[in-house]
Amino acid sequence: MPRFNPALCLLISALFLLGCSERFITPHPEPEPQTPITAPTDQREYRAQTLDNGLQVLLISDPLAEKAAASMNVAAGSWHEPDEWPGLAHFLEHMLFLGTELYPQPDAYQQFIRQHGGRFNAFTAPRDTNYFFDIRAEHLEGALSQFSRFFIDPLFTPGYVAREVQAVHAEWSSTLQDDGRRRFAALREALNPEHPASRFSAGNRDSLDVSSPELIPAMRQFHEDYYHPDRMSLVIFGPQSLDTLAQYVARFFTELPQRASQADPHWPSLVSEQALPKMLEVRPLRETYVLQLHFPIRDPQADYRDKPLEYLSHLITHEAEGSLLAQLRALGWVQQMFAGGQMGDGENALFTISFELTPEGDQHLDQIEATLFAWLAKIEQQGIEAWRFDELRQLAELAFNDRETPDPSREVTHLSMRLRHLPPADWLRSAYLFAEFNPSLIHHYLQALTPDKRLRVRTSPAVETTQTAPWLPVEYQISPLSQTLKQESPITQWRLPPANPFIPSELALLDEPKDEQPRLILQRPGLAVWQGVDDRFSSPRAQVHLSLQNPEVLHQLDQRLLARLAAEWLDEALSETLYFAGMAGTHLSIDSGSRGLSFTLSGYQQNQARLLQAVLEAMQTPESNPARFERLKNRLLRSLNNQKQDRLPQLLVRQLYQQAMTPFWSLDAQIEQLESLTEADLADFFQRFPQALHVQMLGWGQISESQLLTLVETLEAHLPSQAADSVPLPQIRELSQATNSVSLAGLHNDHGILTYWQGGTDLADEALLRLIAQLQSSEFFHQLRTEQQLGYAVFADYLPLLNQAGLFYFVQSPEADPAQLDNAVEQFLNGEVERLTQLTPEAFAEHQASLVQQLRQPPQRLAQAAERHWQEILHQRYAFDRREAVAQWVEKVTQAELVSAYQRWLNPERQGLRIKHQASEAD
């Protein structure tokens, strides 16, 4: 369940990881000039430099890293493109991947990256375009050699222009049923038409007319205007020394031509304040009810050190008793809230407060608004206090000091976007800085949140619309609003949040032997408990997984649905406790699955027993609340109905599960059963569920055997149960592709196909199918996406179903029908026999080594380490060295053995499934 608003996401993701021992508050020495301030646990080395051509560079050396990564950010995006070419920046991003003078083959870069165990991608944002990759560390030099040429001598091959416009068009088409994008398309119509945010930016074949002789010159001109070193920021990460990384930069990036780039234009305000207040109403495809209030503000980027918006967002969306959200939930009007800044252009931005509504809440918009503004007045009068800011600063500092090592590709991407906006000292810690309490600054932003300056956006199936947006066919209506609120707030009893009671104080690392894998420390009928100490991450955190399994949940649909409702019920009943604990670095997530309920405790061990006791007490004595039950039931009904509007890959994968897994119920069957359930059924579930439990539990990280057994005692004290035998996993059917072909129609505006190969459960099959996926994924993409231009979403990968190995091939196309897609996939599969046979031994060995390295790569975070062990327990395999065992199988596979196995699978009777989708006729 989401609990935090977007403006706080970077901060809150860090606030979850706190500490306050002497180890964490040791004063940090002042950094050398041009060196970022680092956390005490960060052992990496950093070096910042600016090349003579103007390129800004940050180098990061981590001798223990097994993967390297790099990101180049260009400070130019869709807002910089000319009005007459919507989507030009995005189109240019695509074209850079299709060959350079030094590496002219259009698939050379992607083949090199994939062959050497890496990933690559790019994205176009309003003010930036970012290119990034990761790769096995020993191949960083070769990857940089190819990557650098994107920005030095791209070919812009005319023969690929039409193909890549089609790819951009397919990407646009694949999102036409995404309600978030549709809402934004309507929002553009309410923005200032003079601001580039009001323009279409994704691009399609209408906006990028390949028949126009001006398209290629316009693309080249955009590159000429903006793709210069003085607008670029490069971050490189690897195990190589800083000197070696600096040599790579000198070798590959000094050729970037130095010239003055086009200056940013002066953009007007995002919303014309003279036109406010006004209301935009949007009709979604899903049954979705959302109220958003947008307020024009100055861009808060310059105030990042003092976090005024984060401070306000924290108070606006708090979940404590008496808060705005708590009381709107009690009225049955609102389910979640989010708040934060967005769409900053350097001068202007929007502050957005968003409410996820119930259908009843959709009928009380004026009252919700009046309640919000009364809450803002309360904050204005009593909420801007130094102690609150100090608490946020304390949490943020502790979070930064206990920061886990991030994923390399994500880290370099984020950093490359910060380099030109922040001083070097703050590159790493900017999201965690609460430098000074500045009440006047907080008041400045708060005073912009007034009724006369609001743009209300209502998303509801019930709206009446008069217009259809260009580019995305979303129906909307814009109308004026009164400057004064129509109705007084129905709430008068407010309570600002108290001090957080969950801030941890016991943060010393355990002085105990370390475990390579979990140990079974307790086993008796109905209970198995595993534990292990892990100090690799130098952080006093622990991860505790708990699975409460009841055979009725596995076999009976009503019990499966009641488990989902129970998880939602508990989450909402404990919302205040979970919110405070999460802010202070200890989390409890509550989920339901195919066999029952599961709880995950993460963060600091000190408060985990307190959280577990809270959730168990709530299970033991659930309060009667008919209004809450109906609200949660209706929300689940909407969710199930809305899943019919999922993206095409999700729709086809769900169909795969329905065909392959038993028991598995269709969405329609779930909806029909859910409609009949009552609050009495849920009360009965809470009563019956503990009476026949099989419990599996894992404690991993900084948690001792005695500490975990204390949690077990808490569990058994609250859930006395009759021991149940081990509850089996759902079964996987044997699929015969010769007879298993499913045709679907009208679920999406695009055509699509998913071809699935079903393997076995042994290590040999897993090794072979993983290696085939490694060898084929890039080639499948190149042939069907780049060369044949069948669609944008084209991928092949390894996909197990529970303990059964598998491989899938997916293509989504706005034009090629399912028969064409099926034929293209089959031609590819048949042609692979020859390609795999003729693959050079060196190339085969590289792919083999890349997969082995991927399997042997140690976990980067505690949660990842615990999750690997937990999956072995849940899947009842208990092979905690399984990844190593699979790696050893991969190492032993010869090229001839792989080709032979591929030929065995490639036959008309092969195990698997083919799922085809025919696009809806309306589109």
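Mentor: Leaving aside neighbours within four places in sequence, leucine 58 is in contact (heavy atoms within 4.5 Å) with residues including Pro36, Tyr46, Leu234, Ile236, Leu419 and Trp427. Keep in mind that this is a predicted model, in which local features need pLDDT of at least 70 and side-chain atom pairs count only at pLDDT 80 or more, while totals for chains, interfaces and linings use all residues. Residues are numbered from 1 along each chain as its sequence is written, and side-chain values use heavy atoms, with hydrogens and water left out.

Trainee: Which residues touch the most other members of the largest nonpolar core?

Mentor: A nonpolar core is a set of buried Ala, Val, Leu, Ile, Met, Phe, Trp, Tyr and Cys residues joined through side-chain atoms within 4.5 Å, where buried means under 20% relative accessible area (1.4 Å probe, protein chains only). Here the largest core has 67 residues, and Leu58, Ile316, Val334, Ile353, Phe355 and Ile379 touch the most other members. Helix H12 (residues 365-383) gives this core its largest share, seven residues.

Trainee: Which strands stand at the edges of the sheet?

Mentor: Two strands pair if DSSP finds at least two bridges between them. The open sheet has seven strands in the order S9-S10-S8-S11-S7-S13-S12, with mixed pairing. Strand S9 (334-342) and strand S12 (467-468) stand at the edges, each with a single partner strand, so one side of each has no neighbour in the sheet. Strands S7 (residues 278-282) and S13 (residues 475-480) run antiparallel and are joined by five bridges; leucine 280 has isoleucine 478 in S13 as its bridge partner.

How values were computed: Buried means under 20% relative accessible area, exposed over 50%, partly exposed in between (1.4 Å probe, protein chains only). Helices (H or I, at least four residues) and strands (E, at least two) are DSSP runs, numbered from the N terminus.
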